[in-house]
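Please keep the sequence and the model in view while reading.

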Amino acid sequence: PDDHVRVIVNEAFEQNIEADFDKPQRIVGYVKYQEEWKEVLVQIVPVRNEIFSRFGGILETDSLAGKQVFVAGLGSFGSQIALEFSKLGITHFDIMDHDRLEVANIARHAAGLSDVGRYKTKVMAEMIHERNPYAEVCVKTEKVSWDNIGTVRELVKQADIVICAADEMSAKLIINRLCVQEKTPCIFAGAFRRAYGGQILFFHPGESPC
């Protein structure tokens with residue numbers, strides 16, 4: 001008695017999910033409006049097949065499928081990087097930050113005013129899933145520190161690449177040391193105070209300075 005939407009799928013459609021979705025005899029929908037049921041068009045949206053379809057010939061997203069990225073720090077840089085990665089077909093994210101979103105963050109952060117007061121990890125997990133609902137997002141709402149270095153080490157070890165966008169120098173030193181020890185490539189990215197400049201450093205174990 002409480003439902004307002006009903007979808008009727010016949011057996012033929014269930015047995016042939018790849019069939020022509022536009023044939024009306026296969027699937028019928030009804031919406032309750034002013035106590036009456038109205039028949040409506042139902043469209044099956046093949047999200048998994050189409051979400052990155054327009055990248056064909058420009059970016060080969062299959063090369064990124066199955067890759068795992070660890071983003072430490074979800075401020076102005078980290079949030080934007082995580083959001084862009086979510087558009088590239090990356091299927092596994094580990095994101096780590098202890099902070100909550102503040103009003104002063106909004107000007108350069110990927111999130112908006114409606115997210116103020118929420119943990120940055122929770123906000124970014126939702127934003128990643130908005131772009132790629134099939135991505136697996138592991139959230140660590142804690143600070144990179146010597147106290148949880150075991151947890152951070154596991155994330156570094158599992159990752160194909162690490163993005164260090166943390167503000168604290170101690171966090172950068174920890175990430176750097178672990179990436180050297182675990183031989184995991186890392187990109188350090190960040191803005192200087194008041195954003196008058198920035199830095200990007202790519203570290204490739206055994207091939208570049210750390």
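In which helix does threonine 121 lie? Threonine 121 lies in helix H4, residues 120-131; helices (H or I, at least four residues) and strands (E, at least two) are DSSP runs, numbered from the N terminus. The model is predicted, so local features need pLDDT of at least 70 and side-chain atom pairs count only at pLDDT 80 or more, while totals for chains, interfaces and linings use all residues. Residues are numbered from 1 along each chain as its sequence is written, and side-chain values use heavy atoms, with hydrogens and water left out.

Two residues are set out below. Buried means under 20% relative accessible area, exposed over 50%, and partly exposed in between (1.4 Å probe, protein chains only). Contact means heavy atoms within 4.5 Å.

| Residue | Relative accessible area | State |
|---|---|---|
| Threonine 121 | 0% | buried |
| Cysteine 186 | 0% | buried |

Leaving aside residues up to four places away in sequence, threonine 121 has contacts that include Leu74, Ile95 and Val139. Cysteine 186 belongs to strand E8.

Helix H6 comprises the 14 residues 169-182. The expected span is 1.5 Å times one less than the number of residues. For H6 this gives 20 Å, and the end C-alpha atoms are 20 Å apart, which agrees. Among the buried residues of H6 are Ile175 and Cys179, and cysteine 186 touches both Ile175 and Cys179. Just after H6, lysine 183 takes a positive phi of about 55°.
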